[in-house]
Amino acid sequence: MKKLLERLLWKQDPNVYMAKDSKLTPSLRTIDLIGLGTGMVVGTAIFTLPGIVAAEHTGPAVPLAFIVAAIGAGLSALAYAETSSVLPFAGSAFSWINVLFGEFFGWIAGWALLAEYFISVAFVASGWSAYMQGFLGSLGIRLPKALTGGFDPAHGSYVDILAALAILVVGILISRGLHQVSRIENTIVAIKLLVILMFIVVGATEIQAKNYVPFIPPHRPGTTFGGWQGILAGTAQIFIAYVGFDAIAANTAETRNPQKTMPRGLIGTLVLGTGFFIAVSLVLVGMFKYSRYANNAEPAAWALRHSGHYLTANLLSVVAIIGIFSALIAILLASSRLIYAFGRDGLLPKTLGIIDDRHVPNHALWLITFLAMILGSVFPFTFLATLVSAGTLVAFIFVSLGIYALRPREGKDLPEAQFKMPWYPVLPAVSAIFSAVIFWGLNIDAKILMVGWFAIGLIIYFAYGLRHSIINQEHQK
């Protein structure tokens with residue numbers, strides 16, 4: 001037993017990651033990272049979640065849930081910024097924790113991230129499908145009911161064909177190379193932000209003060225609606241919006257001068273994204289009573305249509321249809337790098353760690369693409385929205401605690417950080433506790449999912465990864 005425990009805590013030499021990741025091309029600049037992060041943060045969530053969270057948890061107080069989530073995510077972003085500046089490797093939290101705490105804990109952190117990415121890709125694609133169907137419906141075009149949503153025989157839907165198609169198209173795009181993708185991403189994000197500003201300006205003319213009263217509805221006993229209980233539950237669900245931080249960090253090995261560029265990209269994304277979230281959610285709940293957004297995956301366009309702004313609504317739908325692709329690009333890109341990191345380390349088959357002539361880990365990319373197509377086309381949108389934050393929060397806890405292992409090694413066997421998390425050693429603990437509290441506020445489905453997901457991960461690790469990992473092979477030489 002003692003030998004097994006020692007084996008689980010073997011730490012990876014960062015020079016091994018540096019050598020293996022050298023085949024990836026460092027081409028991303030600060031603006032590219034903010035584009036990727038904003039594409040994810042100001043992605044499906046800003047077009048879909050404010051209405052759902054207001055109806056199910058917070059009422060008009062949905063901006064407070066975004067602010068609380070931003071505080072928690074912001075603390076984690078500081079930890080991400082310091083760690084990524086010292087350990088510029090693909091795989092983000094998985095690789096970092098492997099170096100700082102050992103392979104077993106690295107696997108746990110990476111496996112939690114994989115759950116996040118799987119569900120995030122499916123969630124974003126499902127949101128894109130909802131907007132596409134709304135737009136097509138406004139033109140009088142309707143798909144057969146069986147092809148319009150996840151598996152729900154009671155309501156006549158079996159597969160979301162548009163969600164699967166969206167994931168496939170993005171997979172093909174990413175397979176052509178990162179430089180081309182970053183240009184497309186930046187263009188889409190710029191257009192999307194302009195249209196979101198237009199929604200804020202036009203929607204503000206339709207605000208009715210009565211829709212804000214009471215701003216924090218009283219708590220309904222036995223539910224997660226109303227009061228601070230509702231705000232906490234809304235915060236947990238909203239955390240999907242902030243997985244963009246890890247999506248940025250996953251591309252550290254492909255970033256120019258990551259010691260400076262990564263912190264700027266992470267913090268810039270936080271500030272920009274949070275500002276847009278607060279503004280959009282305030283306008284949205286002011287236009288109509290929050291209860292009218294229940295189970296509505298395209299609340300912003302719906303609100304504009306029902307206010308008589310048909311042209312603006314259709315423009316928003318078109319941009320959402322295009323813009324949500326930017327979120328898909330960011331998540332699929334990050335998830336393929338995580339799968340690549342698993343293959344690079346031998347914890348999954350090594351073929352997943354192969355990089356092709358275009359400097360893309362295409363084996364990893366196509367694996368995550370096809371699995372996400374299945375998940376996104378089968379599970380309903382609202383179900384996915386309740387599950388996606390769990391993996392993010394686990395990763396945030398690991399990275400925050402990782403500062404305690406990182407800081408003593410800086411300037412010794414690891415480089416000195418160009419950016420340091422302030423108020424050490426207090427703030428890393430506050431960050432970890434904050435994320436743990438939000439995790440506790442997740443619904444029971446999300447917690448059960450994570451328990452089952454970790455059980456599968458442990459089986460894979462002990463049955464395959466423990467024996468095949470490169471760190472195990474190095475120790476046997």
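How many residues has helix α8, and how far does the helix reach from its first C-alpha to its last? The legends below begin with this helix and refer to a predicted model.

**Figure 1. Helix α8 and its buried residues.** Helix α8 covers residues 161-174 and has 14 residues. From its first C-alpha to its last, α8 reaches 20 Å, which is close to the 20 Å expected at 1.5 Å a residue. The buried residues of α8 are L162, A163, A164, A166, I167, V170, G171, L173 and I174.

**Figure 2. The crossing of helices α7 and α19.** Helix α7 comprises residues 103-138, and helix α19 comprises residues 444-468. The axes of the two helices come within 10 Å and cross at roughly 130 degrees. Angles over 145 degrees count as roughly antiparallel and those of 65 to 115 degrees as roughly perpendicular; α7 and α19 are therefore oblique to each other. Their crossing is right-handed. On the α7 side, the contact is made by E103, F104, W107, I108, W111, A112, L114, A115, F118 and I119. On the α19 side, L449, M450, W453, F454, I456, G457, L458, I460, Y461, F462 and L466 take part. The residues of this contact divide into 19 nonpolar, 1 polar and 1 charged.

**Figure 3. Two cis peptide bonds, from V213 to P214 and from Y424 to P425.** Most peptide bonds are trans. The bond from V213 to P214, however, is cis, with omega near -10 degrees. P214 lies in the loop between α9 (178-204) and α10 (227-238). Y424 and P425 are also joined by a cis peptide bond, and here omega is about 10 degrees. The loop that holds P425 runs between α17 (389-406) and α18 (426-440).

**Figure 4. N257, a residue with positive phi.** Most residues other than glycine have a negative phi. N257 is not a glycine, yet its phi is positive, near 45 degrees. This residue is found in the loop between α11 (244-249) and α12 (258-287).

Figure 5. W423 is placed in the loop between α17 and α18. The relative accessibility of W423 is 65%. Because exposed means over 50% relative accessible area, W423 counts as exposed.

How values were computed:
Residues are numbered from 1 along each chain as its sequence is written. This is a predicted model: local features need pLDDT of at least 70, side-chain atom pairs count only at pLDDT 80 or more; totals for chains, interfaces and linings use all residues. Side-chain values use heavy atoms; hydrogens and water are left out. Axes are lines fitted to C-alpha atoms, for helices over the stretch in contact, and angles run from 0 to 180 degrees between N-to-C directions. Helices (H or I, at least four residues) and strands (E, at least two) are DSSP runs, numbered from the N terminus. Angles under 35 degrees count as roughly parallel, over 145 as roughly antiparallel, 65 to 115 as roughly perpendicular and the rest as oblique. A crossing is left-handed if the near helix is turned anticlockwise from the far one by less than a right angle, and right-handed if clockwise. Contact means heavy atoms within 4.5 Å. Ala, Val, Leu, Ile, Met, Phe, Trp, Tyr, Cys and Pro count as nonpolar, Asp, Glu, Lys and Arg as charged, and the others, Gly among them, as polar. The expected span of a helix is 1.5 Å times one less than its number of residues. Buried means under 20% relative accessible area, exposed over 50%, partly exposed in between (1.4 Å probe, protein chains only).
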